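Here is a short report on one chain. It covers strand pairing, an aromatic pair and a surface patch.

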Amino acid sequence: MSKERGWAALALAAMVAGIAPPVHAGTTARTCITTIDTNIGQVRVLRKIGPKQQCPAGEELYTWERTGFAWRDAWSPTTTYKLNDAVSLGGSSYLSLVDGNLNNDPETSPAEWAILALEGAEGPTGPTGADGATGATGATGADGATGATGATGADGDAGATGDTGPTGATGPTGATGPTGHSGFIVVVIVVASDDPIIDETTRYLAIGSGRQSGDAGWAGTPMPLAGTIGNLHVSTSKAPGQEVVATVHVNGEASQVTCTVFGGDTACEDVDHTASVDANQKVTIMIQSGTLSDPNPYVSVSFTLTAEAP
């Protein structure tokens, strides 16, 4: 064993045995700090020298009062260690070289820690022990659980068709069913303006007469039946130049049944929307126009009224 490891091992042996290291009151210990190669890399260790000896070249003199070291158990990064505090880490022990030693890992901080004793190498594997005696036969185990039911087999072939049985007796006449729905009637209503439409105005066409009025109530025509208005078709006698909008009004209110003849077209339609109307409610066609080409066009409108047959 080298002097360095022998000195460190002696200090560790004193700690393990529970014996405090020797205290030399009033004397100064002189040690050389040197670096050695170990199985964990290079580490710094202390080597004792006499009071008149000097450290060889490459080693650093370290002096300390012989007051022993204070064993602080396992090293913790959150504990501040004083000079000569000793700790354990990873099977080795270390001695603090400075005061205020905080969060300096002894294994990687040779300026703050010197090794006291290194962890010993792992010993060889011992010989394999002899086989033990064969144990007694155990008791017979309980019966296992019943296995799951097997899958259902495939269906067999279909049997031959049997003979036709005799005709059964005529059953009694059933009760008369309710009277069926009388159906629907569809009325196609057509209206055409008796005069050309006027530029940049909102006018209402009276159904049947084709008269134009600025008053929706005056131009409204009462419907003879309750039903649903739809299938709006509008045409102009010529391309209007600017768009013309036609909208069905029921009792003075605009419905969703509407379409627009754009400036270069002469027709439009709305076959997607409908409007409900009660008997005697007034219906008229609102015509909104922009600046029209000369001469101003006439407008023709048709729509359907679908009602239950009386």
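Three bridges join strand E4 (residues 70–74) to strand E6 (residues 85–89), and the two run parallel. The model is predicted. Within this part, Ala74 stands opposite Ser88 in E6.

E6 also pairs with strand E7 (residues 92–96), here in the antiparallel sense and over four bridges. Ala86 stands opposite Leu95 in E7. E6 and E7 form a hairpin, with two residues between them. Gly90 lies in the turn and has a positive phi of about 60°.

Next, the aromatic rings. The count comes to one aromatic pair. Tyr81 and Trp113 form this pair, which is edge-to-face. Their centres are 5.4 Å apart, with 70° between the planes. The pair links distant parts of the chain: Tyr81 is in strand E5 (residues 80–81) and Trp113 in strand E9 (residues 113–117), 32 residues apart. Both Tyr81 and Trp113 are buried.

Last, the surface. Val186, Val188 and Val190 form a nonpolar patch there. Together they have about 290 Å² of accessible area. Val186 is found in strand E10 (residues 184–192). Is Val186 buried or exposed? Val186 counts as exposed because its relative accessibility is 53%, and the cut-off for exposed is over 50%.

Terms used:
Residues are numbered from 1 along each chain as its sequence is written. This is a predicted model: local features need pLDDT of at least 70, side-chain atom pairs count only at pLDDT 80 or more; totals for chains, interfaces and linings use all residues. Side-chain values use heavy atoms; hydrogens and water are left out. Patches are made of residues with over 30% relative accessible area and no salt bridge: like charges are joined within 9 Å, nonpolar side chains (Val, Leu, Ile, Met, Phe, Trp, Tyr) within 5 Å. Accessible areas come from the Shrake-Rupley method with a 1.4 Å probe; for residues, only the protein chains shown count as cover. A salt bridge is a side-chain nitrogen of Lys or Arg within 4 Å of a carboxyl oxygen of Asp or Glu. Buried means under 20% relative accessible area, exposed over 50%, partly exposed in between (1.4 Å probe, protein chains only). Rings of Phe, Tyr and Trp (its six-membered ring) pair if their centres lie within 6.5 Å; planes under 30 degrees apart count as stacked, over 60 as edge-to-face and the rest as tilted. Two strands pair if DSSP finds at least two bridges between them.
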